[in-house]
Each structure stands twice: as structure tokens, then as C-alpha cells.
Amino acid sequence: MKAKEIFEQAMDLCALRGSDGDGEPRLPADVDDLGVRAVGILNVLMGEYHSLEERLVGKERPYARIYGLEETVDLCEGICRCVLPYRLASLLIAEEDRELSDLLRHHAAEAAKGLLADGASRIHTILEVYR
């Protein structure tokens with residue numbers, strides 16, 4: 001999923017994306033700084049949800065990073081669609097509306113729990129420390 005799609009969903013959750021006369025969704029001019037901030041925040045969130053990603057796919061994966069909103073976020077579809085938009089929106093709106101931010105963070109946590117409940121398990125050896 002493209003980072004831009006996640007950002008647009010986050011803007012929708014914050015009620016910051018409107019439509020022009022043609023019915024096409026667009027962002028107001030005064031939120032350009034949020035797009036710049038979103039790249040850094042998404043990189044932090046991708047690191048935060050790295051272990052959930054590994055659990056969901058059932059194998060170890062390298063950490064991913066993006067450098068712009070046009071890049072693809074290399075996490076599973078569930079995290080990109082169900083968790084990241086809520087967390088990104090929560091962090092972007094935190095200073096303006098603490099109550100909405102908390103609500104969005106709660107939705108993200110519940111979505112992550114739901115994904116984790118359906119995650120793949122893996123078998124690994126256990127190190128014997130007592131003999």
C-alpha cells in the first residue's frame with residue numbers, strides 16, 4: 001500500500017480532507033506540513049509494528065523505511081489498512097484534539113490486537129539454561 005493512501009485515510013479520520021467542486025477529494029492548502037511530518041511518523045510506526053508484522057507473516061523480516069509518500073509501505077495489508085491510518089491520524093491530530101487522538105489510538109490498538117489474535121506462529125528452539 002502506498003504511504004500516500006495511508007496518509008489520505010488518516011486525513012479522512014481527522015476530517016481534514018474535503019472535496020473540490022468536481023467531487024474529487026483534496027487536502028486544504030494549510031495542511032501541507034502534515035504530509036511532510038507523516039513520512040517521519042510512518043517510519044517510526046513501521047518500526048513500532050515490525051514485531052507484529054513478523055508475527056503475522058510467521059518469519060523474520062528486515063526493517064523497512066520510506067523516504068516519501070509515493071513509496072510503498074512494506075508491511076502486511078492488515079497493518080497498512082487497519083492500524084497505520086488510525087495511529088498516524090492520532091499522532092498528527094494530538095496537539096489540536098487530544099480526545100480524538102486518544103480515540104484513534106484506541107482504535108489502532110484494538111485493530112492490532114485483532115490482527116495479533118489471527119497471527120501465524122512459528123516454531124523455534126528453546127535454549128536450555130539449567131542442566
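Q: Which residues make the nonpolar surface patch of about 430 Å²?
A: In this predicted model, the patch is made by L127, V129 and Y130. A patch takes residues with over 30% relative accessible area and no salt bridge, joining nonpolar side chains (Val, Leu, Ile, Met, Phe, Trp, Tyr) within 5 Å and like charges within 9 Å. Accessible areas come from the Shrake-Rupley method with a 1.4 Å probe, and for residues only the protein chains shown count as cover.

Q: Is L127 buried or exposed?
A: L127 is exposed, with a relative accessible area of 71%, where buried means under 20%, exposed over 50%, and partly exposed in between (1.4 Å probe, protein chains only).

Q: Before we go on, how are residues numbered here?
A: Numbering starts from 1 along each chain as its sequence is written, and side-chain values use heavy atoms, with hydrogens and water left out. Since the model is predicted, local features need pLDDT of at least 70 and side-chain atom pairs count only at pLDDT 80 or more, while totals for chains, interfaces and linings use all residues.

Q: New topic: how many salt bridges does the structure hold?
A: The structure holds seven salt bridges, each being a side-chain nitrogen of Lys or Arg within 4 Å of a carboxyl oxygen of Asp or Glu. One of them joins the side chains of E70 and K4 (4.0 Å, N to O). E70 lies in the loop between α3 and α4 and K4 in helix α1 (residues 3–13), so this pair ties together parts that are 66 residues apart in sequence. Helices (H or I, at least four residues) and strands (E, at least two) are DSSP runs, numbered from the N terminus.

Q: And what about E77, which partner does E77 have?
A: E77 forms a salt bridge with R81, with the closest N and O atoms 2.5 Å apart, and both residues lie in helix α4, four residues apart, about one turn of the helix.

Q: Which residues do salt bridges that share partners join into one network?
A: The network consists of E53, R61 and D74, and in the salt bridge between D74 and R61 the closest N and O atoms are 2.8 Å apart.

Q: Which residues line the largest cavity?
A: The lining is M46, G47, H50, E53, R61, P62, Y63, A64, D74 and L75, and the cavity holds about 50 Å³ of space. On a 1 Å grid over the protein atoms alone, a cavity is a set of points where a 1.4 Å probe fits but cannot get out, and lining residues have an atom within 4 Å of a point.

How values were computed: 1 Å grid on protein atoms, 1.4 Å probe; cavity = no way out; pocket = protein on both sides within 12 Å on 5 of 7 lines; lining within 4 Å. Points joined across faces, edges and corners; volume = space filled by probe spheres on them.
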